[in-house]
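Hi,

Here is the structure I promised you. Have a look at it first, and then read on for what turned up.

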Amino acid sequence: MNDETISPSLISAILNARKMVALTGAGISSESGIPTFREAQTGLWATYDPQELATPQAFEEHPRTVLLWYQWRKSLIAKSEPNPGHLALASLEKIALQKGQKFTLITQNVDNLHQQAGSETVIELHGNIFRSKCAQCQRQPAIELPEVTAESELPRCPFCGGLYRPDVVWFGESLPGEALQRAFEKSNHCDLFLSIGTSAVVQPAASLPLMAHENGATLVEINPNPTHLTPKANYALQNKAGQVLPMIVNRIRDHLS
Ligand code: OAD
């Protein structure tokens with residue numbers, strides 16, 4: 001991919017935006033070695049049935065299996081590093097703030113890589129795999145929870161005795177209200193929306209780019225594969241986020257230097 005695929009009009013749209021929103025999905029973390037969900041063969045759901053592992057019912061029926069699976073995913077993520085796509089988004093946020101532009105990053109990912117890359121404002125729509133909470137009273141543990149093994153006692157909340165679970169959104173669960181409200185508010189009022197590395201099929205996150213676009217925002221999609229957003233996007237960059245985003249940031253920096 002070369003620099004030419006990033007049109008000058010896209011760069012000026014970013015430079016002139018007053019309020020920018022970036023929505024990311026598993027695709028931005030795939031270059032950090034973390035599997036996406038829906039890609040055939042390589043996606044997580046190609047190997048595991050989400051209904052078996054990522055639902056309140058699954059946790060109810062076999063909590064240890066669910067906890068061990070999340071522990072495995074956490075260990076995979078802990079070995080990963082933010083990739084150039086994450087780092088470029090953190091730079092874009094800094095440049096925007098220095099220019100007096102608003103910049104909000106909304107992520108569906110639970111891997112904490114945006115924060116590790118230095119992004120300051122991250123709205124986590126689906127929670128964070130490194131956080132736990134009590135399945136009953138929602139309190140977060142005050143201490144680091146012990147590792148779960150095939151035989152270990154499952155960690156419980158000292159207040160209500162409920163089992164601790166990952167602080168992530170499971171299928172059939174509602175999203176954290178405050179995060180969702182902020183995401184809708186920012187998406188409703190932005191003038192440039194970047195949809196990055198998401199198949200845009202899981203609601204309510206999937207409605208954010210369309211809502212922004214319907215409200216007049218310039219819609220930019222960065223995804224090597226087409227999605228239902230692609231035909232509506234003002235700019236569809238069908239390449240990897242780890243390649244496109246650093247090029248965009250470099251072009252912005254060239255303009256500003
Ligand atoms: P998906 O696996 O559905 O989609 C990942 C998208 O990333 C696909 O469209 C890929 O084409 C694209 N992609 C792959 N590599 C990429 C790269 N290097 N650069 C840019 N794009 C790339 O993952 P999500 O859209 O994030 O929900 O899935 C949304 C939600 O569904 C997840 O948050 C999860 C899942 O169920 C919960 O866990 C609640």
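Let me start with helix 11, whose buried residues pack against helix 1, helix 2 (27-30), helix 7, strand 6, strand 7 and strand 8. Contact here means heavy atoms within 4.5 Å, and buried means under 20% relative accessible area (exposed is over 50%, partly exposed in between; 1.4 Å probe, protein chains only). Among the buried residues of helix 11 are Val-244, Leu-245, Met-247, Ile-248 and Arg-251.

A word on the source: this is a predicted model, where local features need pLDDT of at least 70 and side-chain atom pairs count only at pLDDT 80 or more, while totals for chains, interfaces and linings use all residues. Residues are numbered from 1 along each chain as its sequence is written, and side-chain values use heavy atoms, leaving out hydrogens and water.

Helices (H or I, at least four residues) and strands (E, at least two) are DSSP runs, numbered from the N terminus.

Strand 6 (residues 192-196) and strand 7 (residues 218-222) run parallel and are joined by 5 bridges, one of which pairs Ser-195 with Glu-221 in strand 7.

Best wishes

Terms used. Pairing = 2+ DSSP bridges.
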